[in-house]
Amino acid sequence: MRFSTAPAPHIQPQASVRGLMLGVLAALVPGVAAQVWQFGAGVLIQCLLALIAALACEASMLWGRGRPLVPSLLDGSAALTAVLLAVSLPPVAPWWITVFGALFAITVGKHLYGGLGYNPFNPAMLGYAVLLISFPRTMTAWLPPTGVAAAQPGWAELLDWIFRLTPPIDGMTMATPLDTLKTQLGMGVALDQIRSSPLFGGLAGAGWQWVNLGYLLGGSWLLWRGAIAWQIPAAFLGTLFLAALIFFLAEPASFPTPLFHLFGGATMLGAFFIATDPVTASTTPRGRLIYGSLIGLLVFVIRSWGGYPDGVAFAVLLMNLAAPTLDHFTRPRPFGRQRR
Amino acid sequence: MAIAGMTEWFGFHGGIQLDTPKDLAAGSGLLLCPLSPRLIFPLLQRDGRNAKPRVTVGQRVLKGQPIAGGESPGQPFIHASSSGVIAAIDDRLLPHPSGLSGPCIVLDADGHDEVVEFAGVTDYRDEAPEVLAERLHAAGIVGLGGAGFPTAVKVRPDGVRVDTLILNGAECEPYISCDDALLRHRAAEVLEGARILLHILQAERCLVGIEEDMPQASDALTAALGGWNGDGIEIAPVPAIYPTGGEKLLIRVLTGREVPADGIPAEVGVVCQNVATAAAVYRAVVLGEPLLSRIVTVTGTGVRRPGNWLTPVGTPIAHLVEQCGGYTDRAERLILGGPMMGFALLSDEVPITKSANCVLVLTVAETAGRRPAMACIRCGACAEACPVELLPQQLYWYSRSDNPDRLAEYHLSDCIECGCCDFVCPSHIPLVQHFRAAKGRLAARRRERGQADQARRRFEARQARRQREQQEKAEAARRKKELLQRMSAGQVASPAQTGDLAEGRTASPQSRES
Ligand code: SF4
Ligand code: SF4
């Protein structure tokens, strides 16, 4: 009898890119839910907008490059990019901001480099950075969290703001705690006084602590499943905490607490979902430790002295550049070889 | 997970947990494969050379008679595994990943199973190690774990002191249970083989590594040994993680010693043998019996009745599968070895050789079209799984760009082709296939470079010879001229000078030849 042949191994691999990406999307749910709870349904509208734009763009780029559509569209990577971008945007950002960001992320951030796996930069963060640089005013106009605002705007109001070309009236929006801290400290206001504003309740500012806890929960689930390596989030959070602690202890009057850093801004989202993007992060164990802690350090530096309110996007993009070099110099010692 | 009497484990990086359907064949007991009317003995040896036949077509041979090989310790003997007549010595399909044909001796068994006389030693302890090693060579014993390395060579490592013998009974690949069957039914033979090997090696201790999910085997072993250790032999259950059964990894797990990447286990004082090899050593030394049969696991959802069969070497796989009730309707792929490292066979006409431990038949559903490979997303899952701590994602990158320097820098040559990386890759990249191809290209390049070097050396030698010859010719011509001048001056030529002249002439045909 004759048989067909194929090279070993003869059993099918279990994991798939799609399963991986869907797992990460599922892990985003608690964080996104907290964000919706604290900042209203605008978050969902942004997600939807970004998803439509990103998937349409992915499809047309694939078609233009003569690639098969279905496997890549279904692998979930474009959807993940879209959601990561959308949750970084203010909930009332006008539609064209979101669409432009998503198109930029998919086109320039991904396909111009050769598609998934070849992009040196995290596409979502590239899109975010471009938006922040181009439209700083719109990008920092967040809504006040539930509890601070009298009431969250309803659907009609939200749709009106998002789809009209006119932004919401200034009185309706508010800067984030990180942003407020930066501008007020810059104006010489004392930290105590800034903190007395209703925006700064709890661990890290009203609303934001819940969002961060949500992402921490989802991220821990990813860790537990072994879907992401522990080194990056551990090193990121550890270094950020340490740096913040040192400065807080040295000068408590002008540096916020380490917990404010850990549970404020995009810290948890960045540590578990953005810095761990496999394509653009370091892949060796030691490399990941260095990569994670340098991002943590950069986040602290940018938040404390940089020109932008949060530093996660820029820190990640900067370290993306260093990842290949880190990988090369942190190769593990193969079995039975002397350390170099 | 602790088992009484367990020794300490030393960890290693990576590896994967595989759902091991060992039970498929393990419940069958040890079955005796009836003699096949036709036996086939491929002459291709492990080192790539062909063993020299010792018989001619038409000759009648007895069971146990050497029919090929045995020229040197590196060239093991091949014995007839039953009596009969040599029907042919010709090229046939080989049980080899290449799918190529090569010379084989074909024996038509006469069914009498007539045996040459075997004579064992009365007490191996009275024999010198080299005498016993010679016996192993004469018995054609090679590693039965799959590698097929001649045992006589392995038990006489040059100039190093071996203190530990490891018997490998840790079948880490799913489906394979031939060692399990052997240990359950012939534990005493394995232990006696271990004692003989300890004597040959003059080593102090023997560790029998078995997987912790082989309870019956460990029961049989402890019963035969009278406990978890004795006589310097210790039974050591190891974690059932693939590929713990890999030689270097098993040594690490049991002794904590790390065999150098380019080295052999003896360099760290260890010799590793499969448990089945130990049993064969016992039979060769005590019973005087050459290696004529081995236990083969025939399994997979593609055969009707999976089982472990004591099979004469040379038995065609088709015959063996027939004993298992034949193939199921959906049998799709025939694999020699395990699902991770075994290779697919084109046809079941190829025979069982000494190193064939498993015949695995998978169905359409299990093999159905490997999902298409996507781009590497650099997730690092492969690196986490690699037991050698390589970076498969980088190796993949550099093998695609065919960058020999980088491949060397990332130690492609250390890859044991275990398939762990392949198995965990979410992008379904056939990594091992890429690595095998890249290794092939590197080897071809080395060969080419070797050939180029040789050609250059030949060319330079020829140039040098030409030059020398030209000088000689010029010299001869000069002498001739001198001689003629002297002769014309009326002097008489001396015998020595005419000799010179003759030499000068002989140079010319030589130069034409080159
Ligand atoms: S497992 Fe596959 S996708 Fe992940 S890094 Fe390795 S080769 Fe790339
Ligand atoms: S096949 Fe090679 S690279 Fe892949 S896991 Fe095994 S040793 Fe590592």
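Tutor: Begin with how residues are sorted: Ala, Val, Leu, Ile, Met, Phe, Trp, Tyr, Cys and Pro count as nonpolar, Asp, Glu, Lys and Arg as charged, and the others, Gly among them, as polar. This is a predicted model, where local features need pLDDT of at least 70 and side-chain atom pairs pLDDT 80 or more, while totals for chains, interfaces and linings use all residues. Residues are numbered from 1 along each chain as its sequence is written, chains are lettered from A and ligands numbered from 1 in the order written, and side-chain values use heavy atoms, leaving out hydrogens and water.

Student: How do the residues of the shell around ligand 1 divide?

Tutor: Near means that a heavy atom of the residue lies within 4 Å. The shell around ligand 1 has eight nonpolar residues, three polar and one charged. Among them are B:Cys376, B:Cys379, B:Cys382, B:Cys425 and B:Arg378.

Student: What is the secondary structure of chain B?

Tutor: Helices (H or I, at least four residues) and strands (E, at least two) are DSSP runs, numbered from the N terminus. Chain B has 15 helices and 17 strands. Its C-alpha atoms fill a box of roughly 105 × 65 × 50 Å along the principal axes.

Student: Is B:Ser399 buried or exposed?

Tutor: Buried means under 20% relative accessible area, exposed over 50%, and partly exposed in between (1.4 Å probe, protein chains only). B:Ser399 counts as buried because its relative accessibility is 5%. Of the 514 residues of chain B, 51% are buried.

Student: Where is B:Ser399, and what does B:Ser399 touch?

Tutor: B:Ser399 sits in helix H11 (residues 392-400) of chain B. Its side chain reaches the backbone oxygen of B:Leu395 at 2.6 Å. Contact means heavy atoms within 4.5 Å. Leaving out residues up to four places away in sequence, B:Ser399 touches B:Leu407, B:His434, B:Phe435, B:Ala438 and B:Arg441.

Student: How much area is buried between chain A and chain B?

Tutor: The size of an interface is often given as the accessible area lost when the parts come together. Here that loss (1.4 Å probe) is summed over both parts. About 4700 Å² is buried between chain A and chain B, and carbon and sulfur atoms give 56% of that. In chain A, A:Phe3, A:His10 and A:Phe335 lose the most area to chain B, together 18% of what that side buries.

Student: How many salt bridges are there between chain A and chain B?

Tutor: A salt bridge puts a side-chain nitrogen of Lys or Arg within 4 Å of a carboxyl oxygen of Asp or Glu. The count is six between chain A and chain B. B:Glu384 forms a salt bridge with A:Arg288, with the closest N and O atoms 3.1 Å apart.

Technical notes
A polar contact is a pair of N or O atoms within 3.5 Å; within protein, one must be able to donate a hydrogen and the other to accept it, and residues adjacent in sequence count only if both atoms are side-chain atoms. Buried area is the accessible area (1.4 Å probe) that two parts lose on being put together, summed over both.
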